Amino acid sequence: IATLLAALETGKISLSDTVDVGEGIYISDSDTIKDHNWHRGGYGKITVEWAIAASSRIGEVLIRERAFDDNKSEYEAAIGQIGYGKPDSVKGLDVAASKISPIQLITFYNAIANHGRMVQPQLYKDSVAIINPQIASKANIDSIRQVLERTVAEGLGKRVNTNKAKVAGKGGTIQIGNPNDSTYIIDFCGYFPTDNPKYSIIVSINKTGLPASGGLMAGSVFRQ
């Protein structure tokens, strides 16, 4: 989601653009990237919006490459510009210096729910501190909200659907340690109700072994 928002801000990407993720296997430099459905032949040509809603890892890479080419520093600067990785500190909690912590991730999603207004997370009730009054253009924030709603309505976040409230959000799965390590972090981050958000929630689970799916497993906890 952060990659997509940063790409939208460049003006080089729109949700209706198409990316060709082929049969679900893509070579980027020395890395082999596989989509979750590669063994079923992949998604082929899809829109940018569906690439994110369907959690295509290849789609995300193609979006980043189209917006920033191979300019890693430009990409990192754009990600920082939209506040991804903020805040630098939270009273009462450790904030990771080298990776995004759950509190930073939910701060970012909460800003999306807030139509772009990023606020400092707190462990107590106090006055609201603003980190950034507007992390990106309102039009691009609206596009992100659209993607997050579609992810839950039709994409890989369908497990979160409930008749209690309309939810927007997205799951993620990463393998930690070396490639032979079977430890995963699975999460789902979102907010509800989508039209007038009241709550932002993140569910983050450390899991050993497969299957490991943020949308299915962490998403089910989010739904409950």
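Predicted model: local features only at pLDDT ≥ 70, side-chain atom pairs only at ≥ 80, totals over all residues.

Mentor: Gladly, and one definition comes first: helices (H or I, at least four residues) and strands (E, at least two) are DSSP runs, numbered from the N terminus. Residues are numbered from 1 along each chain as its sequence is written, and side-chain values use heavy atoms, with hydrogens and water left out.

Now to the surroundings of our starting residue. Contact here means heavy atoms within 4.5 Å. Setting aside residues up to four places away in sequence, tryptophan 50 touches Tyr43, Arg150, Glu154 and Gly155. The C-alpha atoms of tryptophan 50 and valine 147 are separated by 7.8 Å, although these two residues are 97 residues apart along the chain.

Is serine 143 buried or exposed? The cut-offs are these: buried means under 20% relative accessible area, exposed over 50%, and partly exposed in between (1.4 Å probe, protein chains only). Serine 143 has a relative accessible area of 17%, so it is buried. Leaving aside neighbours within four places in sequence, serine 143 is in contact with Leu8 and Leu15.

From here we can turn to the core. A nonpolar core is a set of buried Ala, Val, Leu, Ile, Met, Phe, Trp, Tyr and Cys residues joined through side-chain atoms within 4.5 Å. In soluble globular proteins, nonpolar side chains tend to be buried together. The largest nonpolar core in this model has 46 residues, and those that touch the most other members are Leu4, Leu5, Phe108, Ile112 and Ile135. Two or more residues each are given to this core by α1, α2 (48-53), α3 (57-68), α4, α5 (102-113), α6 (138-153) and β8 (183-192). The largest share, 8 residues, comes from α5. Leucine 5 shows what this looks like up close: not counting residues up to four places away in sequence, leucine 5 touches Ile82, Phe108, Ile112, Ile135, Ala136, Asn140, Ile141 and Ile144. Another core, of 7 residues, lies apart from the largest one, and its members include Val160, Val167, Val203 and Ala218.

Next, the way the helices pack. Axes are lines fitted to C-alpha atoms, for helices over the stretch in contact, and angles run from 0 to 180 degrees between N-to-C directions. Helix α1 (residues 2-10) packs with helix α4 (residues 72-81) at an angle of about 100°, and their axes are 9 Å apart. Angles under 35 degrees count as roughly parallel, over 145 as roughly antiparallel, 65 to 115 as roughly perpendicular, and the rest as oblique. Therefore α1 and α4 are roughly perpendicular to each other. Ala2, Thr3 and Ala6 of α1 make this contact with Tyr75, Ala78 and Ile79 of α4. For sorting such residues, Ala, Val, Leu, Ile, Met, Phe, Trp, Tyr, Cys and Pro count as nonpolar, Asp, Glu, Lys and Arg as charged, and the others, Gly among them, as polar. By that scheme, the contact of α1 with α4 holds 5 nonpolar residues, 1 polar and no charged.

Helix α4 also packs with α3, at an angle of about 105° and with the axes 10 Å apart, which means that α3 is roughly perpendicular to α4. Here Arg64, Ala67 and Phe68 in α3 meet Glu74, Tyr75 and Ala78 in α4. This contact divides into 4 nonpolar residues, no polar and 2 charged. In the loop between α3 and α4 lies aspartate 69, which has a positive phi of about 55° although it is not a glycine. Aspartate 69 is exposed, with a relative accessible area of 54%.

Finally, back to α6, which lies across β7 and β8 and runs at about 80° to β7. Two strands pair if DSSP finds at least two bridges between them. The open sheet has 3 strands in the order β7-β8-β9, with antiparallel pairing. β7 (168-176) and β9 (199-208) stand at the edges, each with a single partner strand, so one side of each has no neighbour in the sheet.
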